[in-house]
Structure formats: structure tokens, C-alpha cells
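Reader: I am new to this structure. Please show me how to read it, one feature at a time.

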Amino acid sequence: MGGTRPRIRDLGYSPGRFKPGPKNSLLDVEGVTVGQVTIHAEPNIHTGITVIFPRGVDGTRKIPCYAASHDLNGMGEFTGTHGIAEWGFTNSPIALTNTVSIGKVYDALFTFQFEQADAQGENDIESGRRMTIPVVGETFDGLLNDIRQSVIDKGAVYRAIEASKTQSEILEGNHGGGTAMRCHGWKGGTGTSSRIVPGINGKKYTLGAIVQANHGAKLDLRIGNVPIGELLDKERRERGDEEVPLPAAGRAAEGIRTLLSSLTSFVASRSMQAWVGGHSAGRNVSGEIFLALSTGSVPNELATGSSGFDYLPPLETHNVETLKNEVIDSLFYATSEAVEEAILNCLCKAETLKGFKGRSTEALPVDRVGKLLGRYMVKVD
């Protein structure tokens with residue numbers, strides 16, 4: 001998707017047992033739309049924003065999605081998660097950007113919601129019922145981007161919203177919110193994948209993942225249980241190449257921001273089991289925060305007979321479909337597979353980027369990785 005570099009399946013590794021959807025992308029989930037804006041202003045500005053609408057631009061605000069979040073390491077920010085924890089759903093778009101820009105994006109999404117209400121002729125009571133805390137996640141791109149310039153503004157957010165109406169693929173690697181991110185010491189960024197999980201009577205469920213990968217150390221990188229990071233480092237030392245280190249904070253900084261279209265709150269906690277990072281230590285410096293949403297059941301919370309502001313309103317119910325507890329392991333496996341592949345797609349698609357203060361982060365050497373996987377990965381017929 002986008003560019004000439006391969007995805008991980010092109011190198012011979014297909015994570016897990018479940019098959020991907022036709023695009024192998026979050027966009028395989030019916031109704032989901034994604035818009036990306038990428039900003040390059042040489043030599044120092046390299047950043048962007050990704051905006052996800054679980055039910056499209058028009059439907060997301062009207063019909064909420066069940067949602068949950070989980071922190072492996074909470075040293076980061078994902079706004080709106082307190083409201084999600086309290087109510088168990090959200091009707092906000094989800095935006096992913098850099099750390100400094102989170103407030104501007106939050107403000108722009110609020111303004112966008114007000115404008116949607118006005119355009120649909122809603123009064124203040126009705127629009128207040130549909131209003132929700134914007135959901136905005138961040139990762140730090142300040143090594144390759146002059147983050148102090150804070151160039152993401154309302155205009156960039158609105159361009160991403162507009163792009164979501166027509167964008168037919170999620171651009172991976174150096175695109176959107178992941179533009180200047182680093183992953184396992186190589187160039188990282190945006191990645192996506194999907195899985196089709198079979199149900200009974202021929203029914204199928206689609207799970208999609210998107211990551212903004214900005215985490216990990218080179219030596220920890222594993223692909224298909226092959227210690228790729230260690231093998232590439234061994235090759236480098238045998239060639240006598242010297243590695244130019246980035247500042248210590250850059251080598252240690254990590255953070256994966258994940259949105260999954262799934263069916264239960266348990267899924268958010270299973271996202272961290274995507275094993276591409278050695279012993280998966282969940283290092284201390286920066287956070288791994290996961291968000292899961294379901295577009296399956298339609299709770300229709302915002303179409304009740306009561307205003308929601310009434311004192312002691314009459315009780316109402318709605319019908320939803322839920323998974324049986326005994327079968328949910330299949331969803332856990334699919335989640336881990338999709339997140340793993342999204343991270344690896346990000347690494348494979350990302351390109352070398354020279355940015356702020358002349359710092360450069362190299363792209364993963366996919367030709368070498370393909371050969372190493374061919375040599376060391378165990379083939380199972």
C-alpha cells in the first residue's frame with residue numbers, strides 16, 4: 001500500500017493462523033474510514049495526523065461504538081479514555097498525531113462536532129447529547145521532527161477529515177501521524193492489518209488494526225521467531241560498520257497507539273501480546289496504550305425517548321449481540337496476529353528519513369530481512 005517497498009507478507013512471513021481481509025487493513029471493517037495528512041517542510045518539519053471514523057464521517061457522531069482502553073505503560077496520552085471507561089462507549093473520531101499537537105487536535109475535533117450539529121439543524125440540547133470527549137492519541141516524533149514548531153493545526157485536522165471521505169487505502173510507514181516515528185531503531189510509523197474470524201453458520205467477523213509504532217530497540221526485533229535484530233547487528237559488526245547513536249531518549253522511547261475494531265473490551269488488553277520485541281519488556285520511558293472499539297452491535301444510545309437530562313428518567317433498554325465467553329480465544333489470537341502484522345508492515349513500508357538537526361533514521365533493510373527469514377524461519381506445511 002503506497003510506495004514501492006514491500007509489506008511483511010511479501011518477505012515470506014504471514015503472522016498467525018487467520019486470513020486477512022481483502023485489503024489486509026483496518027479499512028476491511030465495514031463502515032470504517034481513515035484520512036491522513038503528512039507534512040514535510042525541509043529540513044526540520046516532518047509530522048502528520050491520522051483521523052479514523054469508526055462509522056464514517058456522518059455516522060460516527062450519531063451511533064456510538066462500544067469501546068475500552070488498556071495501558072501496558074501509561075506514560076503517554078490518549079484523551080477521552082476516562083469517558084470510555086465510565087460509559088463503555090464513544091461516538092468520537094479517533095485521531096493519532098505527535099505529542100505536542102494533541103491539544104490542537106482535541107480542540108479541532110470539538111469544533112468539528114459543533115459544526116456538524118449546526119449543519120444538521122440540532123438545537124443545543126440535542127447537540128449536547130451527541131457531544132463527546134474527543135479521542136486523540138500521541139507518540140513522540142521530536143527526534144526527526146522539530147516538534148516545538150507545533151505545525152499541526154485545525155487546518156491539518158480538517159484536511160485529514162476531508163481525506164477520510166475518499167481515501168481508499170491506509171498509507172503505511174512515513175505517513176499521517178506516524179510520519180517521523182521510529183520502531184526498533186529503524187524507521188517506523190503507521191501500519192495496519194486485518195483478520196477474518198469465522199463464526200457458525202457461515203458468519204464471518206472482521207477485525208482490523210492500525211498502529212502508530214514508535215517503540216523498541218534494534219536488538220529486540222524478532223520476526224517469525226527469528227532474532228532479526230541480533231542477526232542484522234552481527235552482520236553490521238562483521239562489516240566493520242559503526243552505528244551512529246541517536247540521543248539516549250530516542251533509543252529508549254517507545255509507544256504503540258492501537259485502534260482495533262473488535263467485539264469486546266478484553267481485546268484491548270490482548271493487543272500487547274503481538275510479539276515482535278524480544279522479551280516484550282514494555283520499557284519504561286514511554287507508553288503503550290491500546291484502544292478497542294466494536295462496530296458490530298448498534299446500541300443506539302442517542303436515539304432514546306428521554307432527553308438524557310431529565311431528573312429520574314424512565315428506564316429504557318436496547319438489544320445487543322455479544323460473544324459467548326467460551327469462544328473468545330479466537331478473537332484474542334486474531335487481535336495479536338493483526339497487531340503484529342501491522343507493526344511489521346509499518347517497519348517494512350517505512351523509508352529512510354533525514355530530519356531535524358540532520359538526524360537520520362534508516363529504513364529496515366528489507367532485502368536482508370527477506371534473506372534471513374528464508375534462511376532461519378521454520379517452515380510448517
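Reader: Which residues is asparagine 24 in contact with, leaving aside its neighbours within four places in sequence?

Author: Contact means heavy atoms within 4.5 Å. By that rule, asparagine 24 is in contact with Arg7, Arg9, Thr192, Ser193, Ser194, Arg195, Glu341 and Asn345, its neighbours within four places in sequence left aside. This is a predicted model: local features need pLDDT of at least 70, side-chain atom pairs count only at pLDDT 80 or more, and totals for chains, interfaces and linings use all residues. Residues are numbered from 1 along each chain as its sequence is written, and side-chain values use heavy atoms, with hydrogens and water left out.

Reader: Is asparagine 24 buried or exposed?

Author: Buried means under 20% relative accessible area, exposed over 50%, and partly exposed in between (1.4 Å probe, protein chains only). Asparagine 24 has a relative accessible area of 7%, so it is buried.

Reader: Which side chain does the side chain of asparagine 24 make a polar contact with?

Author: A polar contact is a pair of N or O atoms within 3.5 Å; within protein, one must be able to donate a hydrogen and the other to accept it, and residues adjacent in sequence count only if both atoms are side-chain atoms. Here the partner is the side chain of glutamate 341, at 2.8 Å.

Reader: What about arginine 7, and where does it lie?

Author: Arginine 7 also lies in the segment before β1 (33-41). Its relative accessibility is 11%, so arginine 7 counts as buried. The arginine 7 side chain reaches the backbone oxygen of lysine 23 at 3.4 Å.

Reader: And in which helix is asparagine 345 found?

Author: Asparagine 345 belongs to helix α9 (residues 329-349). With a relative accessible area of 0%, asparagine 345 is buried. Beyond neighbours within four places, its contacts include Arg7, Asn24 and Thr192. Its C-alpha atom is 7.8 Å from that of glycine 173, 172 residues apart along the chain.

Reader: Now helix pairs. At what angle do α3 and α5 pack?

Author: Axes are lines fitted to C-alpha atoms, for helices over the stretch in contact, and angles run from 0 to 180 degrees between N-to-C directions. Helix α3 (residues 102-119) and helix α5 (residues 154-163) pack at about 55 degrees, with axes 9 Å apart. Angles under 35 degrees count as roughly parallel, over 145 as roughly antiparallel, 65 to 115 as roughly perpendicular and the rest as oblique. α3 and α5 are therefore oblique to each other.

Reader: Which residues meet there, α3 with α5?

Author: Val105, Ala108, Leu109, Thr111, Phe112 and Glu115 in α3 face Lys154, Val157, Tyr158 and Ile161 in α5, meeting them. These contact residues divide into 7 nonpolar, 1 polar and 2 charged. Ala, Val, Leu, Ile, Met, Phe, Trp, Tyr, Cys and Pro count as nonpolar, Asp, Glu, Lys and Arg as charged, and the others, Gly among them, as polar.

Reader: How many helices and strands does the protein chain have?

Author: The protein chain has 10 helices and 14 strands. Of its 381 residues, 55% are buried.

Note on methods
Helices (H or I, at least four residues) and strands (E, at least two) are DSSP runs, numbered from the N terminus.
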